[in-house]
Amino acid sequence: MKKKVYVNQKGGSGKSILSYNDAYYLAEQGKRVLFIDGDEQANSSKSLAQFAVPGIGASALFSESPINLPTLPQQIVLLRGDAGLRQVEKSDKGDDELVTTLRARLAEIADGFDYAVIDTAGANSRVANALVVASDYAVLPCRIDPYSIDVATEVLKRIMFIQKKWNPGLVNLGILPNEYDTNSPAQDEWLKQLMSAYKQFVLGAFVTKRSAYREACGEGVPVWRLESESEDDAGKGKVKTAARTAGREVKAVFKMMQDKMENT
Ligand SMILES: Nc1ncnc2c1ncn2[C@@H]1O[C@H](COP(=O)(O)OP(=O)(O)OP(=O)(O)O)[C@@H](O)[C@H]1O
Ligand SMILES: [Mg+2]
């Protein structure tokens, strides 16, 4: 089971939107996907609600006792973000104990899956860091705005610290610029600044700003399956043209990351 974590302590950078779409993408490639929502806000859990394991949330991964995962027919299995994560965060267990327990729980269930896709909270929290430490790959979604470079600096520092002190094998897939508005000269300039500051850490792709992402997450479908509700666009019940364009674009990004993960 290859473990891939979406991480950025900055809220609203696209971790939840991108990670749940990624889970759908990998599932469509025939992969068995464990989705771990490491955020008690549970945004991605809402979009993947139909795949939730009954009665078991992500906090069970930090429990001393093994998880008894039921055999489920679906391709995506969701451990939803639950309130128990807050107790884990505040518990008096040491950081190394959290990591050891998490690694043990993941190892026990790893055989059933090809990928674990992990969403984390927009905070530099113990739970989020433990999930990064236990991962094989990290992707860093980042909004493109005047603060991009500062945010990128912070999140890159955090990843490098984890690589140095906790998990030398962690592969940084890179910064993934998100909500990029191709019509904005200012965004163009900020992206250029980011690229020149951190060229070697920027994934060679970006995700554009499109309302279809927002609509699709509310519907609980991947953006490429967002259907029109009116006759005006593609026709009622057909995939919206804008959503199809968004889907094509974001799937190319997921494929790029998948190729990297399967060739390392
Ligand atoms: N490419 C995009 N185009 C349009 N809207 C987007 C895009 N990416 C994200 N959004 C919107 O921005 C908001 C924040 O995205 P998301 O919830 O994925 O961020 P997050 O990093 O998970 O935030 P948090 O740290 O609070 O969990 C959401 O309302 C989402 O719909
Ligand atoms: Mg989120």
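Trainee: Is Ala 123 partly exposed or buried, and why?
Mentor: Partly exposed, because Ala 123 has 15 C-beta neighbours inside 10 Å, and the buried class needs 20 or more. Keep in mind that this is a predicted model.

Trainee: Where is Ala 123 found?
Mentor: In the loop between strand E5 (115-120) and H5.

Trainee: What does Ala 123 touch, not counting residues up to four places away in sequence?
Mentor: Gln 9 and Ala 128. Also look at Asp 39. It sits 84 residues from Ala 123 along the chain, yet their C-alpha atoms are separated by 9.5 Å.

Trainee: And H5, how many of its residues are buried?
Mentor: Seven of the eight, so helix H5 (residues 126-133) is mostly covered. Ala 128 is one of the buried ones, and Asn 129 is another.

Trainee: How many residues are in the largest nonpolar core?
Mentor: It has 75. H1 gives the largest share, eight residues. Phe 35 is among the residues with the most contacts inside the core.

Trainee: What is Phe 35 in contact with, leaving aside neighbours within four places in sequence?
Mentor: Ala 23, Leu 48, Phe 51, Ile 76, Val 77, Leu 78 and Val 117.

Technical notes. Residues are numbered from 1 along each chain as its sequence is written. Chains are lettered from A and ligands numbered from 1 in the order in which they are written. This is a predicted model: local features need pLDDT of at least 70, side-chain atom pairs count only at pLDDT 80 or more; totals for chains, interfaces and linings use all residues. A residue is buried if 20 or more other C-beta atoms lie within 10 Å of its own, exposed if 12 or fewer, and partly exposed in between; C-beta atoms are placed from the backbone. Helices (H or I, at least four residues) and strands (E, at least two) are DSSP runs, numbered from the N terminus. Two residues are in contact if their C-beta atoms, placed from the backbone, lie within 7 Å. A nonpolar core is a set of buried Ala, Val, Leu, Ile, Met, Phe, Trp, Tyr and Cys residues joined through C-beta atoms within 7 Å.
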